[in-house]
Amino acid sequence: MTLTLTDICFGWPEQPVLIDIQHFEISRGEKVFLYGPSGSGKSTLLNLISGIQQPLSGCVSALGTSFGALNSRQRDRFRADHLGLIFQQFNLLPYLSVQDNVLLPCGFSDLRRKRVIDTYGSEVAGATALLERLGLGSLMDREVARLSIGQQQRVAAARALIGEPELIIADEPTSALDTDSRARFIELLSEQSELSNSSLLFVSHDLSLASHFDRSIALTDLNQGGQN
Amino acid sequence: MLLLRIAAKSLINRRTSVLLTIISIAVSVALLLGVEKIRDQAKQSFTNTISGTDLIVGARSGSVQLLLYSVFRIGNASNNITWQSYQDIAGHSKVAWTIPISLGDSHRGYRVVGTNTDYFKHYKYGRKQPLVFAQGLAFSALHDVVLGAEVAAKLGYRMGDELVVAHGTGNASFAKHEDQPFRVTGILAPTGTPVDRALYVSLEAIEAIHIDWQAGTYLPGSGGSEPLETRNLQPQAITAIMVGLKSKVATFQLQRAVNNYRKEPLLAILPGVALQELWSMLNVAENAMLVISACVVLSGLFGMLTVLLSGLNERRREMAILRSVGARPAHIYCLLVMETCLLVSMGILLGTGLLFVALAAGLSFLETEFGLYLQLTWLSLHELGLLGIIFIAGLCTGLIPGYRAYRYSLADGMTIRI
């Protein structure tokens with residue numbers, strides 16, 4: 001299993017429980033669509049999955065490692081090694097080049113850097129190959145600010161994919177794109193996740209995107225907490 | 001290294017506010033160093049004013065007062081020394097040489113010093129450097145005058161020029177000894193000491209120009225009609241004596257002898273001790289300057305803190321992105337502290353550069369306008385220490401935004417709240 005949530009419960013002190021999930025799992029290479037309208041506790045869930053926050057009870061485990069057994073430093077390291085994240089918008093550091101943005105995770109994870117070097121020979125070659133696969137080969141040295149939003153999201157995807165992390169989490173990455181580029185981006189992302197042998201968790205409030213994925217699940221069904 | 005690169009690029013990205021911050025730190029650093037440098041060099045040129053002289057003897061007053069009027073030519077003597085006392089001291093068995101000094105007249109704001117040619121022979125400054133003539137020679141005729149370097153330069157006198165000495169020491173004296181003009185026969189090389197700011201004539205000349213003066217007023221004919229050449233122009237009194245001894249060991253012995261002199265109340269001081277005493281009086285002003293420039297540095301650092309803290313909120317997204325790619329809160333903390341270090345280092349480098357450029361440009365101005373002789377020396381250990389303190393203070397300042405960013409990144413996680 002790439003990711004398993006068991007009986008997790010989370011809420012801020014003296015506030016109603018936000019997250020109450022009995023069971024949720026993603027298997028290796030699986031592409032899951034998670035329907036999460038706003039207010040459904042989506043951000044909190046993502047913080048729990050990425051180990052930034054700890055559940056009050058229950059267990060989050062990824063790749064057989066239980067987060068509860070790790071301290072925050074180890075969880076941060078685990079995230080750096082095994083998780084690729086894509087946000088809604090403004091994913092990139094505007095003052096770094098496209099290439100430097102893509103290579104950021106390698107700066108924080110020896111494992112991912114090693115994988116890139118083992119496969120491509122050097123970090124730069126890895127970044128180039130990945131950007132080419134995403135159709136951005138010519139934009140390596142372009143300033144981030146001069147990229148279109150669609151291009152920026154593809155650079156973000158390249159950054160999430162570099163070093164082949166086991167799980168890619170995409171949080172509404174297409175909400176700033178128009179319908180055409182949306183479909184293309186999702187196809188590209190799932191194609192590349194397959195190539196990297198990564199599982200994909202795609203979170204969106206747009207149910208029409210669900211058809212692109214192996215499995216679709218609604219956070220509102222999954223989560224017993226936060227209903228008010 | 002990655003963090004350092006990110007920090008540098010992030011700073012370059014915010015170059016306007018960053019540049020302003022660096023400049024404000026640089027200016028405060030330059031100011032602090034400048035004050036230190038001037039203080040240091042002023043002290044040095046101050047203590048270099050006189051050397052080789054073992055004792056200064058004057059009428060009994062305060063030691064600082066005696067030093068001020070005899071060496072620095074500031075203020076006036078309260079009383080004179082009789083010629084007889086001068087002869088007694090000069091004839092003492094332990095005394096190697098003496099320089100008599102007679103003050104009281106001036107020329108366009110510069111003091112006129114009545115002395116003898118021993119002044120040019122025995123007066124030493126700095127590291128026992130003797131006085132050197134840039135042009136001409138010591139006075140020999142009665143109405144010869146030797147000019148200090150600054151007097152000649154500022155007033156534009158050349159060899160052979162004639163000038164008139166004014167009675168009293170005011171800047172705009174109306175009572176002038178116009179009946180007896182002096183001719184420039186020598187100009188001293190610059191020394192960076194009060195020597196440059198005086199005119200030198202013989203004791204006899206001082207006596208001669210005062211012949212027709214009674215109690216501070218010019219009464220022509222009151223001194224008699226005898227021609228100058230046949231008069232006895234030996235003065236009745238002088239203002240002070242500089243004394244060189246045959247052996248330093250005798251210094252205190254002679255000092256005691258002078259202080260206990262029976263025929264009139266005299267005071268003998270050790271120039272080094274009196275200089276130290278005077279400098280410690282100036283210490284208050286000196287320290288006040290240092291405190292003010294330290295405050296300027298502090299305000300520069302506060303300015304930097306303001307810029308960093310106010311920019312932090314806009315940078316929460318940047319931190320969330322870094323968190324998402326695996327940066328730990330500790331990394332974020334380091335990033336912010338590194339940014340501060342870079343800012344402060346740049347400020348210090350720029351400030352030091354600024355100071356040297358300003359000094360190089362203003363050196364001759366300071367020299368001609370204020371008689372302040374600065375040397376372009378490399379930073380002293382003390383100044384490097386000050387820079388170190390500034391750096392550490394900056395580093396400590398950086399801990400504050402660092403901590404704030406750390407808290408943010410713990411609380412925000414990877415959700416971007418703007």
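**Ground rules**

I number residues from 1 along each chain as its sequence is written, and I letter chains from A and number ligands from 1 in the order in which they are written. Since I am reading a predicted model, local features need pLDDT of at least 70 and side-chain atom pairs count only at pLDDT 80 or more, while totals for chains, interfaces and linings use all residues.

**Entry 1: chain A overall**

I began with the secondary structure of chain A and found eight helices and nine strands. Here helices (H or I, at least four residues) and strands (E, at least two) are DSSP runs, numbered from the N terminus.

I then checked burial: a residue is buried if 20 or more other C-beta atoms lie within 10 Å of its own, exposed if 12 or fewer, and partly exposed in between, with C-beta atoms placed from the backbone. Of the 228 residues in chain A, 46% are buried. For contacts I used C-beta atoms, placed from the backbone, within 7 Å. Among contacts in chain A between residues at least 6 apart in sequence, 75% join residues at least 24 apart.

**Entry 2: the open sheet in chain A**

In which order do the four strands of the open sheet stand? I read E2-E1-E4-E5 in chain A, with antiparallel pairing; two strands pair if DSSP finds at least two bridges between them. E2 (19-26) and E5 (65-66) of chain A stand at the edges with a single partner strand each, so one side of each has no neighbour in the sheet. I also looked at helix H1 (residues 42-49) of chain A, which packs on the sheet and touches E1, E2 and E4 (57-62) of chain A. The direction of H1 makes about 125 degrees with that of E1(A); axes are lines fitted to C-alpha atoms, for helices over the stretch in contact, and angles run from 0 to 180 degrees between N-to-C directions.

My list of the pairings runs as follows.

- Strand E1 (residues 3-10) of chain A is joined to E2(A) by seven bridges, and Thr6(A) stands opposite His23(A).
- E1(A) pairs with E4(A) over five bridges, where Leu5(A) has Val60(A) as its bridge partner.
- E4(A) pairs with E5(A) over two bridges, where Ala62(A) has Thr65(A) as its bridge partner.

The hairpin of E4(A) and E5(A) has two residues between the strands, and Leu63(A) takes a positive phi near 50 degrees there.

**Entry 3: chain B overall**

I counted twelve helices and 17 strands in chain B. How does its radius of gyration stand against that of a compact globule of 418 residues? The globule would be near 22 Å, but chain B has 31 Å. The C-alpha trace of chain B spans about 105 × 45 × 35 Å along its principal axes.

The domain assignment, automatic or from a database, gives domain 1 (2-46 + 283-412) and domain 2 (55-269) of chain B. I find 51 Å between the centres of these two domains, taken over C-alpha atoms. Buried residues come to 37% of the 418 in chain B.

**Entry 4: cores**

I define a nonpolar core as a set of buried Ala, Val, Leu, Ile, Met, Phe, Trp, Tyr and Cys residues joined through C-beta atoms within 7 Å. The largest has 96 residues, and those with the most contacts inside it include Ile169(A), Val29(B) and Ile332(B). Helix H11 (residues 329-370) of chain B gives the most to this core, with ten residues. A second, separate core of 58 residues includes Val112(B) and Leu188(B).

**Entry 5: Val145(B)**

Val145(B) lies in strand E8 (residues 144-147) of chain B. Is Val145(B) buried or exposed? It is buried, with 25 other C-beta atoms within 10 Å. Its C-alpha atom is 5.9 Å from that of Thr185(B), 40 residues away along the chain.

**Entry 6: where the chains meet**

I found 17 residues of chain B in contact with 23 residues of chain A. On the side of chain B that touches chain A, helix H1 (2-13) and helix H10 (316-324) of chain B each supply at least two residues. H1(B) gives the most, with five residues.

Definitions and conventions: Two residues are in contact if their C-beta atoms, placed from the backbone, lie within 7 Å. The radius of gyration is taken over C-alpha atoms; the globule rule is 2.2 Å times the number of residues to the power 0.38.
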